Amino acid sequence: MSMEEKYVDDIWRLLRSAIIEILNKNNSGLSFEELYRNAYTMVLHKHGERLYTGCKSVIAEHLRKVCQELRNSIDNNFLATLNRAWTDHQTAMTMIRDILMYMDRVYVHGKNLDAIYNMGLILFRDLVARSGHIRDYLCRTLLLLVQKERQGEVVDRGAVKNACHMLINLSLGGRSVYEEDFEQPFLEQSAEFYQFEGQKYLQENDSSTYIKKVEGRLNEEAERATHYLDGSTEKRIVRVVEEQLIEKHMKTVIEMENSGLVSMLRNAKIDDLARMYSMMNRVHGGLELMCESMGTYLKSQGRALVNDDDGKTGISFIQSVIDLKDTYEQFLDKSFANNRLFKQSINNEFESFLNMNSRAPEYLSLYIDDKLKKGSKGLSDQEIELLLEKTMVLFRYLQDKDVFERYYKQHLAKRLLLGKSSSNEMENNMIFKLKSECGCQFTSKLEGMFKDMSVSESVMDKFRKHLDNSETSLNVDLSIRVLTAGFWPSQSSSIQCNIPTEISSCYDTFQRFYLGHHNGRKLVLQAQLGSADLLATFFNSRKSDSDKCDSRNHILQVSTFQMVILLLFNSKEKLSFEELKVATNIPDRDLIRALQSFACGKTSQRILTKNPKSKDIVPSDEFTINDQFTSKLVRVKIQTVSSKGESEPERKDTKQKIDDDRKHEYPLYILVLSLTIITIEAAIIRIMKARKQLHHSALVAETTAQLTSRFMPHPMVIKKRIESLIEREYLCRTDDRKMYSYVA
């Protein structure tokens, strides 16, 4: 043996002894500076391999002893012993790495070997952590501790955390050891646990409680992964819980009887709905299933409102729809996070069931009329404005907007002519909303009605000056509104009545004045839209001839029809229904409503007495002045008995007018002839003129889209109009019978 070899042997023996002492935690007497120089010398003299392999052998021998100690502690504080051994090994390897730093930098790097610290971790992994019994027992111990904690027991979280971090470190920058030795078995065991727990929860709890418990489990698992498992495990374990507790049971939870989604909607459980939404948002298909169930229930609610229409007035029907919409808007805002899917479903269902009621346009106009009249049930301007905004939401759902327009025009006319409008500002705001929604053409006639009211004021001022200048005196204070026929609702010429002579003479005077200034015009009196103030004197009946006859004066505010009826009692004390009908020539329905207002309305407004007494008016009824009528007010307004809407004949008449309007509304000029073409044909011509050639289905779709803002045309009607245009040579078919060309 040469002197150099003997010297190297001595150095190695010294280093080996020092490494053993470090591994045994007896390193207090060692000189690390001297040990570093010795390791440096061996590497410098080309003995790096002997130093590396020798060190590896010493560490391996030590770890085999550690492994045996751990096996002996399997039934006695195993996890604490393992964590202590792991901590000691890390400390020892840090010291050994410092001593052999030069070897790591020169020899290990050059030979592409594991660094001395990593080599120590690999040895611990292979000889200790993954040795048969220890590996299996470690996994079982960790899973048992997690299971106990899930069941509410307190466990040593620090020990579990140290063990998991050990497995992560033994993966040398990856996750393979942690995944294979713990995470995968942990996820499998968790799936089994939550599969059983899901069934148990469903059997023992209602939907709301189930959701709360699932929320609790999700939070527990996320918190557990954050505190003592690897952070990347959180996503995986939460997904297991979602799959087992939500995905597999979402249909059952949503449809659970007496506690599921329908029950929550019915009882307006905002917080429970929000929790269900949050839970279902975690899994694929959860929100779709929830939205479908909500839509089905909303559809049933809407149909119930429509089917119950016979027992409601139009105003109460619309109020019910608005209240229902408010409820679902609250759900959408506070429970469903304004989710687009839920919003679209709510809109679709409201549009569907609202248009199931053929009278919805009429009812919506009645509702708006009620809110815009004077004295609207104590509502402030802000509250009325809010309600009008809500009615515009319903208006957007209507398919037959032209039907709404006709009724709205009728109701607006009555408000303006009878002075019942609460505010011109409110009226103009409503028209502005309609214009913003449907364009100027939709509201042009409504705006024309307001213009007529302004012009009428000017005409009446000129008429009064004319009377003063001509020294003509009328026996009544006359106010007449001159209306443009094209702007205002068309009235049937049969709705007339026999106006008393003293009134008709005043009208004749105005007519002569007006026509004298406007040649070629024609005035038609619309008596049913007028009103009057009557000075009425009531006498108490005397018990004997010697009793004094007291009298009371009141000013009665009545409609024109009511005025005509009351004036007849100046000449006769008692009149039958048939006599009144002949004398007034008022249509039966209007006559009955007027008499009901006098004889069957509020006690404070019963100007007439009816014999026999009942709420219904029949031809045999007789009427007399109610001498017992009293009122604290000098001016008494007689309210006309309101109706739910139009009568069946009136509805048919209105429908016929709407159908006529749909045929003859928009003018279209072709060549030199000025022709009024039906609305649908006008739309077809506009489309074909722009497109030149179009397939049948595309033409029907575009025509429908253009007309939807006013009404929903039926495809068969469009087809008939196309055939008519082909016959009149505005369009022609190509070789493909389904293709049309525009004929210029």
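Q: Which residues is Ile431 in contact with, leaving aside its neighbours within four places in sequence?
A: They are Thr443, Leu446, Glu447 and Phe450. Contact means heavy atoms within 4.5 Å. This is a predicted model, in which local features need pLDDT of at least 70 and side-chain atom pairs count only at pLDDT 80 or more, while totals for chains, interfaces and linings use all residues. Residues are numbered from 1 along each chain as its sequence is written, and side-chain values use heavy atoms, with hydrogens and water left out.

Q: Why is Ile431 called buried?
A: Its relative accessible area is 5%. Buried means under 20%, exposed over 50%, and partly exposed in between (1.4 Å probe, protein chains only). So Ile431 counts as buried. Ile431 sits in helix H21, residues 424-438. A helix here is a DSSP run of H or I with at least four residues, a strand is a run of E with at least two, and both are numbered from the N terminus.

Q: What makes Lys610 buried or exposed?
A: Its relative accessible area is 6%, so Lys610 is buried. This lysine lies in strand S4, residues 608-611. Setting aside neighbours within four places in sequence, Lys610 is in contact with Ala599, Cys600, Asp616, Ile617, Asp621, Glu622 and Phe623.

Q: How far is Lys610 from Gln562 in sequence and in space?
A: The two are 48 residues apart in sequence. From C-alpha to C-alpha they are 15 Å apart.

Q: What joins Asn611 and Pro612?
A: A cis peptide bond does, with omega of about 0°. Most peptide bonds are trans. Pro612 is in the loop between S4 and strand S5 (622-625).

Q: Why does Ala337 count as exposed?
A: Its relative accessibility is 53%, so Ala337 falls in the exposed class. Ala337 is not a glycine, yet has a positive phi of about 55°. This alanine is in the loop between helix H16 (314-334) and H17.

Q: How do the axes of H15 and H17 meet?
A: The axes of H15 (residues 286-307) and H17 (residues 340-354) come within 9 Å and cross at roughly 20°. Axes are lines fitted to C-alpha atoms, for helices over the stretch in contact, with angles from 0 to 180 degrees between N-to-C directions. Under 35 degrees counts as roughly parallel, over 145 as roughly antiparallel, 65 to 115 as roughly perpendicular, and the rest as oblique. Therefore H15 is roughly parallel to H17.

Q: Which residues make this contact between H15 and H17?
A: Among those of H15 are Leu287, Met290, Met294 and Leu298. H17 brings residues including Leu341, Phe342, Ile346 and Phe350. By class, the contact of H15 with H17 has 11 nonpolar, 3 polar and 4 charged residues. Here Ala, Val, Leu, Ile, Met, Phe, Trp, Tyr, Cys and Pro are nonpolar, Asp, Glu, Lys and Arg are charged, and the others, Gly among them, are polar.

Q: Why is H29 called roughly perpendicular to H30?
A: The axes of H29 and helix H30 (residues 715-727) come within 10 Å and cross at roughly 115°. That angle makes H29 roughly perpendicular to H30. His696, Leu699, Val700, Thr703 and Thr704 in H29 meet Pro715, Ile718, Lys719 and Ile722 in H30. The residues of this contact divide into 5 nonpolar, 3 polar and 1 charged.

Q: What makes His696 buried or exposed?
A: At 15% relative accessible area, His696 is buried. His696 is in helix H29, residues 696-707. Not counting residues up to four places away in sequence, His696 touches Lys719, Ile722, Lys738 and Tyr740.

Q: Which residues have the most contacts inside the largest nonpolar core?
A: Met280 and Phe336 do, in a core of 83 residues. H15 gives the most to this core, with 9 residues. A nonpolar core is a set of buried Ala, Val, Leu, Ile, Met, Phe, Trp, Tyr and Cys residues joined through side-chain atoms within 4.5 Å.
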